[in-house]
Amino acid sequence: MILLSDLNFSLPLSNPVLIFSIILFIILFAPLLLNKLKIPQLIGLIIAGAFIGPHGFHLLERDSSVILFGTVGLLYIMFLAGLEIDLADFKKNSSKSIVFGLFTFLIPMGLGTLSGLYILNFNMMTSVLLASMFASHTLISYPIISKMGITKNKAVNITVGGTMITDTLALLVLAVIAGMATGELNNEFWIRLVISVIVFALIVTLGFPLVGRWFFKKNDDNISQYIFVLGLVFMGAFLAEAAGIEAIIGAFLAGLALNRLIPHTSPLMNRIEFVGNALFIPFFLIGVGMLIDYSVFFNDVETIFVAVTMTVVATLSKYLAATLTQKTFKFSTAQRDVIFGLSNAQAAATLAAVLIGYEIILGEAPDGTPIRLLNEAILNGTILMILVTCTIASFVAQRGATKIAIQENQGKKDEEEEEEEAKEKILIPINYPENIEELINLGVTVKSQSARNNLLALNIIPTDSSDENLEKNAKKLLEKASVLAAATDNILTELIRYDSNIVNGITNVVKENKVSDIILGLHKQGGISDSFLGNLTEGILSKCNATTLIYRNAQPINTIQRHLIVVPENAEKEMGFPFWLLRVWNIGRNTGAKLVFYASSPTLEFIKQVNKNHPIEADFVEFSDWEDFLIISRDMKANDALMIVMSRKTGISYNQIMGKMPKYLNNYFNNNNYILVFPMQFGFDQKNMSDYSGTTLFNPLLNNMEKFDDLGKTLSKLFKKK
């Protein structure tokens, strides 16, 4: 038992419990207080770190624990940037990223070297190393961009890609200058560096996805998956350091490698973002603040001059690079602000360079003091540069991100007026605990991400049953579904219905709740019966004209590499074509898996037009001979999933081969995930079904398809063209 008299309250504090408590309260209250002054949260945490640090009130030391958590936070920022990037846009805009990366590297290198030589009167080696510090930057403003929800904007994609290029080049300059200063720059140095970097890149980009896919297949425990991902991030960071480059490159590359395995809509992604933004990233910002020493700027004129010069040159060069990128690619001023805000902040690589340069001793002065490659004036000036550039970057990034967010959400008020009648609702009937998780994961993946409460889970209890435990079991199943949905920040509506007929029960729920989509699950163990889908599913399809997805999973959806989508002839002429296509598009965008479309030439033209305006990674294969359907099985690989767009017998896209699907699926695709998609169709003439046909429920949907993410505008045009 610790008595009050035994506690030590002398400064700096040494009690680990009290230290951690103080830091948590700073993380909580600093942003809240400074938000009232319109100061970004990032700056609030840096300022708080300066106040409590060794050069402020000295409440805390910048000890190994702060450095450790700060390092985790820095790597987390880079990992999230790689994880959240849209790989399709990243590949499409790779040339633009290279151009920006060269702009934001060469301009600071040029201006930095000249200012070092002719303004600060340094030698060539010091000037080049100083310039490399200006060329590198840290995505310290990325949490602001992420919070604004514009991480998929083209300007953000280009900046994140360019960051990897400029930081890599800047850190290579650091390695070369360090090698020159210590006399180690020889052929062996270059051979070792090139080979080690290549080996590192191959291990991360090829090895991490293979290991990750195997692990996610074998382990579905949420905690184990999170720890596994963190382990890979730090292993990637360590391998980067072992290869002779900075750890942040390894963390970013690990994010890219795991991008497809961690869908943006998954519970794992939600946990990764939550823990990073709540704990690790704020720790890093507080740690940066602890480095700031205000006293040096009042005691040394040389330090002030060096610091001002460094700050002005670094900011000016990054602004010129952002402006040149804006003019080159015809971006808006808001996009330029985002590019500048993301690329202006100096922190991680800059600190690495200045500390390494400070430790390199070139000789001794006559009085015996060491002559360093980067002197104390540069060391202290770097701290001021970090503070000022992070402050400017945060304000500018927030301003640009706010403008872009407003532009992207323009017209939202008009849409809200029709929200109730045109709202997307996805119904998931659940009866068995073993497939609930995958059904919810599919629902979260195919839904429009702007809506958070459009999932409904249904369990039907037979009215003629005397089992008193049925209701209790139903509540347990629905509760499990709600917990799974909540893990992705979605609200699921639980529905229990008593009915003597399950088909009628589902049909009535669809009618009462104006359901737009139904997801039905099949057991992993069983296939499809010879009577096609069985009486239950056949009954639902005959009475509900909603987009219906019949799903059988053999492995988690995040481990799928490709989705092979087989589309019948004339599918583009069906009423439900744009609706199921949107669901497929969301799967591609949210999981990052490649979509391979097998369809006739006219149908492929429609789909290619969508891909032109809303790019995802997709291939297109002309296929119209359904008599030779088994050719698809030869294209299927171990981690592929099959999607077959079906038709009711009254639809114009129906063909006789669809009746053979049970046999094909059971014999040739039993080890793969597959989804049978039944679109809404014209000619649905069941009695009293006007609420499900296009005349009532879906008229507002068809007229307001832009509600379903940004893909809606293109799909609306497709529908009108028909």
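This is a predicted model: local features need pLDDT of at least 70, side-chain atom pairs count only at pLDDT 80 or more; totals for chains, interfaces and linings use all residues.
Biologist: Noted. How many bridges pair β3 and strand β4?
Modeller: There are 4 bridges, and β3 pairs with β4 (residues 455-461) in the parallel sense. Leucine 427 has leucine 456 in β4 as its bridge partner.

Biologist: And how many bridges are there between β3 and strand β6?
Modeller: That pairing has 2 bridges and is also parallel; β6 covers residues 517-521. In β6, aspartate 517 stands opposite isoleucine 426.

Biologist: Which helix makes a β-α-β unit with β3 and β4?
Modeller: Helix α19 (residues 436-446) does, and the unit is right-handed.

Biologist: How many residues of α19 are buried?
Modeller: 10 of its 11 residues are buried, so α19 is largely enclosed by the rest of the structure. Among the buried ones are Ile436, Glu438, Leu439 and Asn441.

Biologist: Zooming out, what is the order of the strands in the sheet?
Modeller: The order is β5-β4-β3-β6-β7-β12-β11-β8-β9-β10, which is 10 strands in an open sheet with mixed pairing. At the edges are β5 (492-498) and β10 (618-622), each of which pairs on one side only. From one strand to the next, the twist averages 20°.

Biologist: Which strands does helix α20 lie across?
Modeller: Helix α20 (residues 469-486) lies across β4 and β5, and it runs at about 165° to β5. Helix α24 (residues 601-613) also packs on the sheet, where it touches β9 (594-599) and β10. The direction of α24 makes about 165° with that of β10.

Biologist: Back to the strands. In what sense do β11 and β12 pair?
Modeller: Strand β11 (residues 640-645) and strand β12 (residues 673-678) are parallel, with 5 bridges. Methionine 643 stands opposite isoleucine 675 in β12.

Biologist: What about β7 and β12, parallel or antiparallel?
Modeller: Strand β7 (residues 547-552) and β12 run antiparallel, joined by 5 bridges. Isoleucine 550 has leucine 676 in β12 as its bridge partner.

Biologist: How many residues of β12 are buried?
Modeller: 6 of its 6 residues are buried. Asn673, Ile675 and Val677 are on one side, while Tyr674, Leu676 and Phe678 are on the other.

Biologist: Change of topic: helices. At what angle do α9 and α10 pack?
Modeller: Helix α9 (residues 187-218) and α10 pack at about 170°, with their axes 11 Å apart. That makes α9 roughly antiparallel to α10. Residues of α9 including Phe200, Ile203, Val204 and Phe208 take part in the contact, and on the α10 side they include Phe228, Val229, Leu232 and Met235.

Biologist: And at what angle do α10 and α12 pack?
Modeller: Helix α10 (residues 222-242) and helix α12 (residues 267-290) pack at an angle of about 60°, and their axes are 10 Å apart. That makes α10 oblique to α12. The crossing is right-handed.

Biologist: Which residues of α10 meet α12?
Modeller: Asn222, Gln225, Tyr226 and Val229 do, and in α12 they meet Leu268, Arg271, Ile272, Val275 and Phe280.

Biologist: One more spot. Is serine 115 buried or exposed?
Modeller: Serine 115 counts as buried because its relative accessibility is 4%, and the cut-off for buried is under 20%. Serine 115 sits in helix α5 (residues 94-118). Apart from neighbours within four places in sequence, serine 115 is in contact with Leu120, Phe134 and Val313.

Biologist: Where is leucine 120 found?
Modeller: Leucine 120 is in the loop between α5 and α6 (124-135). At 10% relative accessibility, leucine 120 counts as buried too.

Biologist: How many residues apart are leucine 120 and valine 306 in sequence?
Modeller: They are 186 residues apart in sequence, but 7.0 Å apart in space, C-alpha to C-alpha. Leaving aside neighbours within four places in sequence, the contacts of leucine 120 are Ser115, Leu130, Phe305, Val306 and Thr309.

Conventions
Residues are numbered from 1 along each chain as its sequence is written. Side-chain values use heavy atoms; hydrogens and water are left out. Two strands pair if DSSP finds at least two bridges between them. A crossover is right-handed if, with the strands pointing away from the viewer, the path from the first strand over the helix to the second runs clockwise. Buried means under 20% relative accessible area, exposed over 50%, partly exposed in between (1.4 Å probe, protein chains only). Axes are lines fitted to C-alpha atoms, for helices over the stretch in contact, and angles run from 0 to 180 degrees between N-to-C directions. Angles under 35 degrees count as roughly parallel, over 145 as roughly antiparallel, 65 to 115 as roughly perpendicular and the rest as oblique. A crossing is left-handed if the near helix is turned anticlockwise from the far one by less than a right angle, and right-handed if clockwise. Contact means heavy atoms within 4.5 Å.
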